[in-house]
Amino acid sequence: MTRELKTARIGAIVTFVLAGLLCGSFTVRIPALADRLELNEAAVGAVLLAWGVGALVTMQSMRAVMARAGSRTVLRVGGPLCAAALVLVALAPNFPLLLAGSAAFGMAFGTVDIAMNAQGSVVERAAGRHLMNGMHAGWCVGAISAGLLGTLAIAAGLPYGTHLMLVAVAALPALIAIGRAYLAEPRQDAGRGARTTARRVPPVVYLLGVIAFCAFMVEGTIADWNGLFLRDTLGAPEALAALGYPLFEAGMLAGRLAGDRVRARVGAPALLGLSGLATAATFAVVVSAPTAGVAITGMVFVGIAVATISPVALSLAGTATGAPGPAIAQTSAMGYAGLLLGPVLIGFVSDHASLRTAMFTAVALGVVIAVTARLLPRRTAVPERPALQLTASPGVRQEEVRQAAKDPMAA
């Protein structure tokens, strides 16, 4: 791997870390935000919905933008905008402006999410190696860091506005600086071919979107409902219930650090199928747990099981067409629809039955992932041969291009 590729890989990972930090910092201070503006639960839900809808709208509209501009250009603009939009949330003096700031932050984040996954796909194809799980591990690092920094800020009595401002101000120059590291998409993806790709993606992308939808819904169920399940259903103290999500993220981090090596051994469809079954099995243990200790331990294994599903789905989407951006935009939009729908569905079912019964929905989602994975082509698209990608990336030695093209990796 050349120096340029190593730099691009590091730049992509850092982008994932900063995105996780910005998003995690926003969510971790929601209670303080609610206290300052005297928001009830419905108002807090509206703020989170504004963020989610903003992200989803941007993602759904990004196919044409990504086909024309490419992930490098979009990230160079969207990354700094994402940090700037967090400032709007931090400074919002009332509920209407908070809604507007949250929607703006969601829209900017949706742009970054699509573009950083597309950039990850570009780096994968340039390197001829599976790297997406490792990049998504960066997200876990950022989210865990946001939680730790949030805990320190709360302990220090730092107002949420000041906290978010400090995070945004620290992230902004970093997001500007790493823009130099990003790779360009291949030249052959530009022009009329790119516009055609933006309008039409192959059917396999929608299968991958279903898988991403289910994976994101599982992740959203853990993020939004595990605390209430541990406290109200299993009787855990508040402090113990708060450990569920960080331990889930720790399991995700471990799974993603190992995910690329596992994928290289067993192949992407097999990994998705096994991960789906493991998600169903581990989540069944969690929701059937007789004690909070058993459930919290199970959260770690749910994190390990579900960790590789969305990164692999997005990676395969990125190699389904010549230009990774439009296909990744479609898959991500379907995935985030699951993230939005999940909490609503769990809440609806729990109102009519119980929270434990409602959380069994995630067990069914794991089964759907395993079944859908069997419908994928056995020999799915792989990271593109470096010869096809690196011609568009300045500074890469052609001798390495030719050498790498002799040994393409299997899925």
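Predicted model: local features only at pLDDT ≥ 70, side-chain atom pairs only at ≥ 80, totals over all residues.
In which sense, left-handed or right-handed, does helix α9 cross helix α13? The crossing of α9 past α13 is left-handed.

**Helices α9 and α13**
- Helix α9 covers residues 203-233, and helix α13 covers residues 292-306.
- Their axes lie 12 Å apart, at an angle of about 165 degrees.
- Because angles over 145 degrees count as roughly antiparallel, α9 and α13 are roughly antiparallel to each other.
- On the α9 side, the contact includes Ala215, Val218, Glu219 and Ile222; on the α13 side, the residues include Ala292, Ala295, Ile296 and Met299.
- The contact of α9 with α13 comprises eleven nonpolar residues, one polar residue and one charged residue.

**Helices α1 and α4**
- The axes of α1 (residues 3-28) and α4 (residues 62-91) come within 11 Å and cross at roughly 20 degrees.
- Angles under 35 degrees count as roughly parallel, so α1 is roughly parallel to α4.
- The crossing of α1 and α4 is left-handed.
- Thr15, Leu22 and Phe26 of α1 make the contact with Leu75, Cys82, Ala83, Leu86 and Val89 of α4.
- Seven of these residues are nonpolar, one is polar and none is charged.

**Bends and length**
- Helix α9 bends by about 55 degrees at tryptophan 225.
- Glycine 235, which follows α9, has a positive phi near 75 degrees.
- Helix α15 (residues 324-352) has 29 residues and should span 42 Å at 1.5 Å a residue, which agrees with the 42 Å between its end C-alpha atoms.
- Helix α15 has a kink of about 30 degrees at leucine 341, shortly before proline 343.

Technical notes. Residues numbered from 1 in each chain as written. Heavy atoms only, no water. Axes fitted to C-alpha atoms, helices over the stretch in contact; angles between N-to-C directions. Helix = DSSP H or I, 4+ residues; strand = E, 2+ residues; numbered from the N terminus. Parallel < 35°, antiparallel > 145°, perpendicular 65-115°, else oblique. Left-handed = near helix turned anticlockwise from the far one by under 90°. Contact = heavy atoms within 4.5 Å. Nonpolar A, V, L, I, M, F, W, Y, C, P; charged D, E, K, R; others polar. Expected span 1.5 Å × (residues − 1). Bend = angle between axes of the 7 residues up to and from the residue.
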